[in-house]
Amino acid sequence: MNIAVVGTGYVGLVSGSCFAEMGADVTCVDVDSKKIASLQEGRIPIYEPGLEDLVRRNVQMGRLHFTTDLVSCLDDVEVVFSAVGTPPDEDGSADLSYVLEVARTVGRNMSKYVLLVTKSTVPVGTAEKVKAAIREELLTRGADIPFDVASNPEFLKEGAAVKDFLSPDRVVVGVESDRAKELMSRLYRPLMLNNFRVMFTDIKSAEMIKYAANSMLATRISFMNDIANLCELVGADVNMVRLGIGADSRIGSKFLYPGCGYGGSCFPKDVKALIRTAEKAGYDMKVLKAVEEVNENQKHVIFNKLDSYYGGSLAGKKIAVWGLAFKPQTDDMREATSLVTISLLLESGAAVRVYDPVAMDECRRRIGDAVEYAADAYDAVRGADALLMLTEWKEFRMPDWQAVKKAMKCPAVFDGRNIYDKNELNEAGFYYSCIGKK
C-alpha cells in the first residue's frame, strides 16, 4: 500500500516510519529542505528512543522515502496523511493554516481518488473545512474527482512513541464512507491481527476524542497538584493520599503523580484549544479553565519554595537545575516548567547552571547563554546554593549524595517530581523540600 505523510515533525516522522515498518511504502513530505536532506542521510531532527534505527532500517529496505514535493507523489499514493503543525493562535485556538494548505495542494493537483487523513490534532469541525478546501480547488479546475477525508488522531507519548504506535491502546479512525473505512482497515490490518483495537467512529467524534483524552489526563494532573498543595498546608502526605485514591478501581493510579506542572506539545495546547472550541460554541469549560490555571501556578511552586528558603533574596545565589525537558526520554522543552523556573531565577538575580541528558542543545537554542551548561549532573551542582530537580530522568534517581553535598556550597534540594526520600536526604545532611509534604 502506498501512502504519503505530510509533515516530518514528531507525529509525522513516527507515523511514517511505523507504517513503513508494517510494510507500507511511505513517502514523508516536508517543506523544510534541510530537514529532508538530513533525513535522507539518516539523521533525525528529534530525540525519540528507537526512532533513528526505525528510520534507517526502512530507508535501507526501500520502504521509506523523503521529499519536499507532495505533488510528485500524489499520483502514486492511495492515502495522504496530514501531520503538519497546528500551533496555538494568540487566543489559544488551533492554527489550521498548514492543515488547510495541505488540503488545497491535494485539491489543486490530484488526478485520481485520494483519501486525505488528518493526523494532526485539530478542533471538531476541521474535516468540514478540509473538505471545503479540496472542493473549492476542484471547482476552480473544473475537475470532478472523487475523494474522502478522515480523522485519525494520534495518541503517542513522547519517549515511548514507537511502542505506542506499534502496540497501541486503541486506534481511532473517523470516516464517513465505506471506501475510506476499507482503506483504513487495510492500512491498520497488521495491528488488528495482533488484536489491538481499531475503533471506527464518525469524523467529529474522532476529532473530539483526541482533545477529550488529553484534557482528562491534564485534569488528573492538576487535580493531584491541587491536592498536593492542600496536603502541605494541613500536614497530610500526598504520596499516601495518591496510593489511597488510586486503589479505587473507579479512579485508578495513572496520572495521579503530583509535581511542578505539566508541559510538552500536547496537554497545554489541547486544553487551550478545547476551551476556545467551547467558547465558539457558546459554552464555558469551567473545569478546564481551572485545570489550566492550576498548572500555570504549579510551574512557580519550586521557585517559590526556593525563594522562601532564602527569605526572598536570591540575588547572587548559584542555583543548579537537573532536568530541562518537560518529561524524561525527550528533548522537547515546549511549555516546560524549566523555562518558567529559569526565567524566574534570572529575574531574581540568581546565576543558573543546568544539566539535562538530551535537552542541552534545545535549551541553547531557546535561551542561549543566559545560563551555564554543565558537563554532567555533578558538574551542575559545583558551588551551588541549591539544587532544583525538575525532570525525573533515571540518571538523577540514585545520585551519590555525599559527592553532591561535597560539591555544593549549601546542601539544599528542591524536588519537583517527588523522586527522593526525605529521610535519606535529611540523614545525609540536606535540607529537602518536595511537592505535597509539609
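Predicted model: local features only at pLDDT ≥ 70, side-chain atom pairs only at ≥ 80, totals over all residues.
## Nonpolar cores

The largest nonpolar core of the model has 59 residues. Those with the most contacts inside this core are Leu306, Trp322, Leu324, Leu345, Val354, Leu388 and Tyr420.

Val354 can be followed in more detail. Leaving aside residues up to four places away in sequence, Val354 touches Val321, Leu324, Ile342, Met360, Val371, Glu372, Tyr373 and Ala374. One of these, Met360, is a buried residue of helix α15.

## Helix α15

Helix α15 spans residues 360-367, and its buried residues are Met360, Glu362 and Cys363. These three lie on the same side of α15, because they cover an arc of only 155° around the axis. They pack against β10 (351-355) and β11 (372-373).

The face turned away from the buried side of α15 carries Asp361 and Arg365, both exposed. Just after the helix comes Gly368, which takes a positive phi of about 60°.

## Salt bridges within and around α5

The model has 30 salt bridges. One of them joins Glu101 to Arg104, with the closest N and O atoms 3.5 Å apart. Both residues belong to helix α5 (residues 97-109), where they stand three residues apart, about one turn of the helix. An α-helix has 3.6 residues a turn, so residues three or four places apart point the same way.

Glu101 counts as partly exposed because its relative accessibility is 35%. Arg104 is also partly exposed, with a relative accessible area of 28%. The pair is part of a network of salt bridges that links Glu101, Arg104, Arg108 and Glu137.

## Salt bridges between distant parts of the chain

Lys299 forms a salt bridge with Glu335, and the closest N and O atoms are 3.7 Å apart. This pair links distant parts of the chain, 36 residues apart. Lys299 sits in the loop between α12 (286-298) and α13 (301-309), while Glu335 sits in the loop between β9 (318-322) and α14 (337-347). Lys299 has a relative accessible area of 2% and is therefore buried. Glu335, at 37% relative accessibility, counts as partly exposed.

The side chains of Glu392 and Arg417 also meet in a salt bridge, at 3.7 Å from N to O. Here too the pair links distant parts of the chain, 25 residues apart. Glu392 is in the loop between β12 (386-389) and α17 (401-407), and Arg417 is in the loop between β13 (412-415) and α18 (422-427). Arg417 is buried, with a relative accessible area of 16%. Glu392 counts as partly exposed because its relative accessibility is 23%, and the cut-off for buried is under 20%.

## A nonpolar surface patch

Leu230, Leu233 and Val234 make a nonpolar surface patch of about 330 Å². Val234 lies in helix α9, which covers residues 203-234. Val234 has 57% relative accessibility and so counts as exposed, the cut-off for exposed being over 50%.

Terms used. Residues numbered from 1 in each chain as written. Heavy atoms only, no water. Patch = residues over 30% accessible without salt bridge, like charges linked within 9 Å, V, L, I, M, F, W, Y side chains within 5 Å. Areas by Shrake-Rupley, 256 points an atom, 1.4 Å probe, with all protein chains shown as cover. Salt bridge = Lys/Arg side-chain N within 4 Å of Asp/Glu carboxyl O. Helix = DSSP H or I, 4+ residues; strand = E, 2+ residues; numbered from the N terminus. Buried < 20%, exposed > 50% of the residue type's maximum accessible area, 1.4 Å probe, protein only. Arc of directions from axis to C-beta. Contact = heavy atoms within 4.5 Å. Core = buried A, V, L, I, M, F, W, Y, C linked by side-chain atoms within 4.5 Å.
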